[in-house]
2 protein chains.
Amino acid sequence: MMPAPTYRDILAARPAVYRHLERTPLHEYSLLSEQLGARVFVKHENHHAVRVFKVRGGVYLASTLGEEERAAGLYSASTGNHGQSIAFGGRVTGTPVTIAVPEGANPSKVASMRSLGAEVVFHGLDFDAAREWIEREAERAGARVVGPTDPELICGVGTYAIEILEDLPDVDTIIVPVGAGSGACGVCLVAKTVDPKIEVIGVQAERAPTQQRTWKAGRPLLGPMETRAEGLATRVPFENTQRIMRHPTLGLDDFVLVSEEAMENAIRLYLEAIHEVAEHAGAAPLAAAIDLRERLAGRKVVLVLSGGNISSADLRRIVA
Amino acid sequence: MMPAPTYRDILAARPAVYRHLERTPLHEYSLLSEQLGARVFVKHENHHAVRVFKVRGGVYLASTLGEEERAAGLYSASTGNHGQSIAFGGRVTGTPVTIAVPEGANPSKVASMRSLGAEVVFHGLDFDAAREWIEREAERAGARVVGPTDPELICGVGTYAIEILEDLPDVDTIIVPVGAGSGACGVCLVAKTVDPKIEVIGVQAERAPTQQRTWKAGRPLLGPMETRAEGLATRVPFENTQRIMRHPTLGLDDFVLVSEEAMENAIRLYLEAIHEVAEHAGAAPLAAAIDLRERLAGRKVVLVLSGGNISSADLRRIVA
């Protein structure tokens with residue numbers, strides 16, 4: 001069992017991350033603050049060129065490879081943002097990247113991975129089939145397989161949490177979406193190390209509550225997996241991120257669920273009030289803040305807008 | 001006649017601008033590059049909290065006020081982005097701001113100015129009536145009236161052009177929308193001082209070509225003013241920005257017009273390909289680049305995405 005990363009590991013990831021990525025802004029929006037009765041700040045992880053916080057992890061992981069590992073390349077399975085992030089990390093560090101996707105994967109995400117230089121191979125009917133295949137391919141090639149919660153990914157994405165504290169040292173509450181959990185763990189490790197009084201709240205979808213149920217119960221519990229929020233759609237709980245999220249001093253303070261309708265209302269609010277495109281997972285913290293309105297009254301609240309890769313079909317439907 | 005600002009004046013504006021605003025990213029988008037057959041970079045002036053490049057000018061202008069001027073406050077007329085920028089500059093420097101808007105002004109922009117702390121006064125049936133009234137009010141109060149092309153505004157907004165060159169020293173072409181002309185002048189003064197070979201192309205709307213016609217003719221020419229692109233809708237040419245845009249060594253290389261349909265196609269492309277919200281003026285450089293496809297082939301092209309404050313009604317109509 002690998003030791004969990006620490007605040008110092010996240011600090012150590014910064015130089016590699018900032019070699020290829022810029023800090024993202026934390027903006028206060030008075031229109032949202034008025035609406036919520038709190039001071040609302042948005043952390044714009046949707047401002048990266050690939051529109052998602054995960055790219056910080058991809059860049060850092062690729063930067064840690066030795067010469068032989070780099071030459072062998074990175075292998076991973078993904079249907080979306082994870083694959084784009086590894087592809088981006090590979091491109092900026094000159095590391096070949098192969099991503100397995102299931103048949104029928106979203107063509108625009110496949111196009112994006114390819115335009116970042118990754119080799120994309122269709123294999124199998126679902127994510128797990130693609131993942132098993134890429135693991136065998138990587139073994140044959142003697143190359144690294146990247147999973148969704150590798151420690152380097154947590155360290156890389158944790159750099160955004162340090163930026164939040166730099167920009168708003170007196171933050172009261174940070175609300176972060178949970179998929180595999182790398183983002184939430186990065187926030188916990190940073191915020192709780194600095195001051196355990198900073199409240200960290202995780203969000204998953206009512207229609208995909210596996211991580212949340214497991215967190216509440218303290219043992220692996222499955223749930224349905226029917227959300228439109230690709231970034232929150234976790235089939236199985238991840239042991240290493242659960243360990244951090246349930247840690248007695250570093251873990252989440254709370255873990256809430258939001259409805260599909262609440263996420264889509266939040267997407268609409270982001271578009272109309274601040275002219276920002278959020279994908280479902282990216283809008284989930286705003287949806288949660290609206291649900292938690294009374295509890296957050298008067299507090300300084302940071303919403304992590306984790307990504308903006310919504311499909312054109314969803315965007316059209318939600319705006320109409 | 002006030003002397004035109006220089007590159008050094010823009011450099012001098014940086015410390016005040018960066019006290020309150022962050023650098024904006026310049027991202028290359030491979031999906032746009034493939035589509036245009038050029039290397040396409042987007043300068044994200046829509047990433048400011050108030051979603052528009054002009055805020056750099058508002059912040060800088062407010063920072064230059066002496067104690068008495070600050071106490072007297074800033075007065076201006078606006079129906080939109082200009083007013084928000086002055087309001088933001090006033091807020092961060094503790095300067096009271098009064099903005100006159102015509103009856104019937106866009107309620108969401110009025111709400112935004114008010115939420116930034118500005119006093120908004122409705123006066124008159126059109127912009128000119130509001131402007132004349134605010135000039136009298138300012139005179140009575142012994143306060144500064146801010147026009148759309150005051151030299152401090154050009155210096156402030158010019159800081160984004162320096163960022164473009166820092167991030168892409170070998171840029172070939174910069175395409176910038178022209179309303180009153182402060183943004184285009186900032187780009188010209190920076191890019192042409194550094195190297196006259198950097199091509200700078202201005203864009204206005206076919207349905208509001210006053211500045212473009214005046215630039216081509218070398219004498220004031222009016223035109224229709226029927227565009228939906230609020231940021232390009234200039235009723236009369238501005239003498240001080242025309243002087244820079246027509247300057248023999250520092251001026252624009254070309255000045256093109258785009259149709260309403262081309263701007264709305266570009267808004268749709270920004271939304272779907274890179275998940276960014278552009279207002280009509282902000283999308284005009286992408287529309288122009290599509291029109292100029294052959295001429296730009298293989299070049300490194302920067303599109304200034306100058307602002308994202310599109311109305312919800314327009315967004316809904318364009319996405320549908």
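**Cavities, helix pairs and a loop**

Reply: This is a predicted model. The lining of its largest cavity consists of B:Lys109, B:Arg228, B:Ala229, B:Glu230, B:Glu279, B:His280, B:Asn309, B:Ile310, B:Ser311 and B:Asp314. The space in this cavity is about 70 Å³, and the search of the whole structure finds 3 cavities of 30 Å³ or more.

Me: What makes up the lining of the second largest cavity?

Reply: B:Lys54, B:Gly57, B:Gly58, B:His82, B:Ser85, B:Pro148, B:Leu153, B:Val157 and B:Ser182 line this cavity. Helix H3 (55–63), helix H5 (81–93) and helix H8 (151–167) of chain B each give two or more residues to the lining. The volume of the second largest cavity is about 60 Å³. By class, its lining has 3 nonpolar, 5 polar and 1 charged residues; Gly counts as polar.

Me: What makes H5(B) and H6(B) roughly parallel or roughly perpendicular?

Reply: Two packed helices are described by the angle and the distance between their axes. The axes of H5(B) and helix H6 (residues 107–115) of chain B cross at roughly 10 degrees and come within 9 Å. Angles under 35 degrees count as roughly parallel, and H5(B) and H6(B) are therefore roughly parallel to each other. In their contact, B:Asn81, B:Gly83, B:Gln84 and B:Ala87 of H5(B) meet B:Lys109, B:Ser112 and B:Met113 of H6(B). These residues divide into 2 nonpolar, 4 polar and 1 charged.

Me: Why is the term roughly perpendicular used for H12(B) and H15(B)?

Reply: The axes of helix H12 (residues 260–274) and helix H15 (residues 312–319) of chain B cross at roughly 85 degrees and come within 10 Å. Angles of 65 to 115 degrees count as roughly perpendicular, so H12(B) is roughly perpendicular to H15(B). H12(B) contributes B:Glu264, B:Ile267, B:Arg268 and B:Leu271 to the contact, and H15(B) contributes B:Leu315, B:Arg317, B:Ile318 and B:Val319. By class there are 5 nonpolar, no polar and 3 charged residues in this contact.

Me: Where does B:Gly124 lie, and which residues is it in contact with beyond its neighbours within four places in sequence?

Reply: B:Gly124 lies in the loop between strand S5 (119–122) and helix H7 (127–141) of chain B. Leaving those neighbours aside, B:Gly124 is in contact with B:Pro102, B:Glu103 and B:Ala129. Contact means heavy atoms within 4.5 Å.

Me: What confidence values come with the prediction?

Reply: The predictor gives the complex an ipTM of 0.91 and a pTM of 0.94. For chain A, the mean pLDDT is 95, and 99% of its residues reach 70 or more.

Note on methods: Residues are numbered from 1 along each chain as its sequence is written. Chains are lettered from A and ligands numbered from 1 in the order in which they are written. This is a predicted model: local features need pLDDT of at least 70, side-chain atom pairs count only at pLDDT 80 or more; totals for chains, interfaces and linings use all residues. Side-chain values use heavy atoms; hydrogens and water are left out. On a 1 Å grid over the protein atoms alone, a cavity is a set of points where a 1.4 Å probe fits but cannot get out, and a pocket is an open set with protein on both sides within 12 Å along at least five of seven lines; lining residues have an atom within 4 Å of a point. Grid points are joined across faces, edges and corners, and a volume is the space filled by probe spheres set on the points. Helices (H or I, at least four residues) and strands (E, at least two) are DSSP runs, numbered from the N terminus. Axes are lines fitted to C-alpha atoms, for helices over the stretch in contact, and angles run from 0 to 180 degrees between N-to-C directions. Angles under 35 degrees count as roughly parallel, over 145 as roughly antiparallel, 65 to 115 as roughly perpendicular and the rest as oblique. pLDDT is the predictor's confidence in each residue, from 0 to 100.
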